Amino acid sequence: MSLTKAERTIITSMWGKVSTQADSIGTEALERLFTSYPQTKTYFPHFDLHPGSAQLRAHGSKVVAAVGDAVKSIDNIAGALSKLSELHAYILRVDPVNFKLLSHCLLVTVAARFPADFTAEAHAAWDKFLSVVSSVLTEKYR
Amino acid sequence: MSLTKAERTIIASMWGKVSTQADSIGTEALERLFTSYPQTKTYFPHFDLHPGSAQLRAHGSKVVAAVGDAVKSIDNIAGALSKLSELHAYILRVDPVNFKLLSHCLLVTVAARFPADFTAEAHAAWDKFLSVVSSVLTEKYR
């Protein structure tokens, strides 16, 4: 699965807006994840997961920064996220099903904040993009 | 995700045995699929799905023949299954979740018939291989 030229254009142009709220988008997406899918908290026994916690905010920033790295290297996402891919494969071992859940929460968060931009076409491009990112992050599992 | 040399060796060598029962393995896998996961029958409104039906047997053969094509071109599964990939993307549109179900049924069938060969290592290699086949068959969906 690879992104078409049109999809890359949509993503990079929307990223301009999304990145202005990067940290809060990341944090909100995680809050949505832990609220809708409490089982995902299993990966964060060492965190204070209360909404607004410093750890949540820091982690939310990290997550969206990684998404940003993928956007900036949209022609070579595997290369850009190679270290993160190894981290997930050898250390974190997050079950692949959770990537769909987090992707969903990121999309909901972006849609809520940029309703005019998040057209059906933009939605499809972002969903496919996050799906590529998820594949990259799970490709070294086995 | 790509197959290691060891995995390719396991698959190619087991295929020798599996192919001697190719047709019946394909048919049995489909029967298991329709019995355990009745919702998959939705893609076959035009078939007589009774166990042993001629259509089931013909279709089971087709499915395992395609798996065999992938085994024979294990270094280029995407190339070998390119037409089948387009068929699934543009005409059949089988929901991707069903590929996991059919893969599971194929593995169960092979395990039941070749218990001595289907070690944990062989199981992992086949599961990964069918997972690559499934990705190829869904990669043109969008």
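User: Which residues does B:Ser2 touch, not counting residues up to four places away in sequence?

Analyst: Contact here means heavy atoms within 4.5 Å, and on that basis B:Ser2 touches B:Glu7 and B:Lys128 once residues up to four places away in sequence are not counted. B:Ser2 itself lies in the segment before helix H1 (5-18) of chain B, helices being DSSP runs of H or I with at least four residues and strands runs of E with at least two, numbered from the N terminus. The C-alpha atoms of B:Ser2 and B:Phe129 are separated by 8.5 Å, although the two residues are 127 residues apart along the chain.

User: What should I keep in mind about the origin of the coordinates and the numbering?

Analyst: This is a predicted model, in which local features need pLDDT of at least 70 and side-chain atom pairs count only at pLDDT 80 or more, while totals for chains, interfaces and linings use all residues. Residues are numbered from 1 along each chain as its sequence is written, chains are lettered from A and ligands numbered from 1 in the order in which they are written, and side-chain values use heavy atoms, with hydrogens and water left out.

User: What is the mean pLDDT of chain B, and what ipTM does the predictor give the complex?

Analyst: pLDDT is the predictor's confidence in each residue, from 0 to 100; its mean for chain B is 94, and 100% of the residues of that chain reach 70 or more. For the complex, the predictor gives an ipTM of 0.73 and a pTM of 0.84.

User: How is the size of an interface given, and what area do chain B and chain A bury between them?

Analyst: The size is often given as the accessible area lost when the parts come together; here that loss is found with a 1.4 Å probe and summed over both parts. Chain B and chain A bury about 670 Å² between them, with 38% of it on carbon and sulfur atoms. On the side of chain B, the residues that lose the most area to chain A are B:Met1, B:Lys128 and B:Arg142, together 76% of what that side buries. Seven residues of chain B are in contact with seven residues of chain A.

User: How many salt bridges are counted between chain B and chain A?

Analyst: A salt bridge is a side-chain nitrogen of Lys or Arg within 4 Å of a carboxyl oxygen of Asp or Glu, and the count between chain B and chain A is two. In one case, the side chains of A:Asp127 and B:Arg142 meet at 2.8 Å, N to O, in a salt bridge. A search of the whole structure finds 14 salt bridges over all chains. Within chain A, the side chains of A:Lys17 and A:Asp117 meet in such a bridge at 2.9 Å, N to O. This pair links distant parts of the chain, with A:Lys17 in helix H1 (residues 5-18) and A:Asp117 in the loop between helix H6 (97-113) and helix H7 (120-138), 100 residues apart.

User: Where is A:Phe47 placed?

Analyst: A:Phe47 is in the loop between helix H2 (22-36) and helix H3 (54-72) of chain A. Leaving aside neighbours within four places in sequence, A:Phe47 is in contact with A:Gln55 and A:His59. A:Phe47 and A:His59 are twelve residues apart in sequence and 9.8 Å apart in space, C-alpha to C-alpha.

Note on methods. Buried area = accessible area lost by both parts, 1.4 Å probe.
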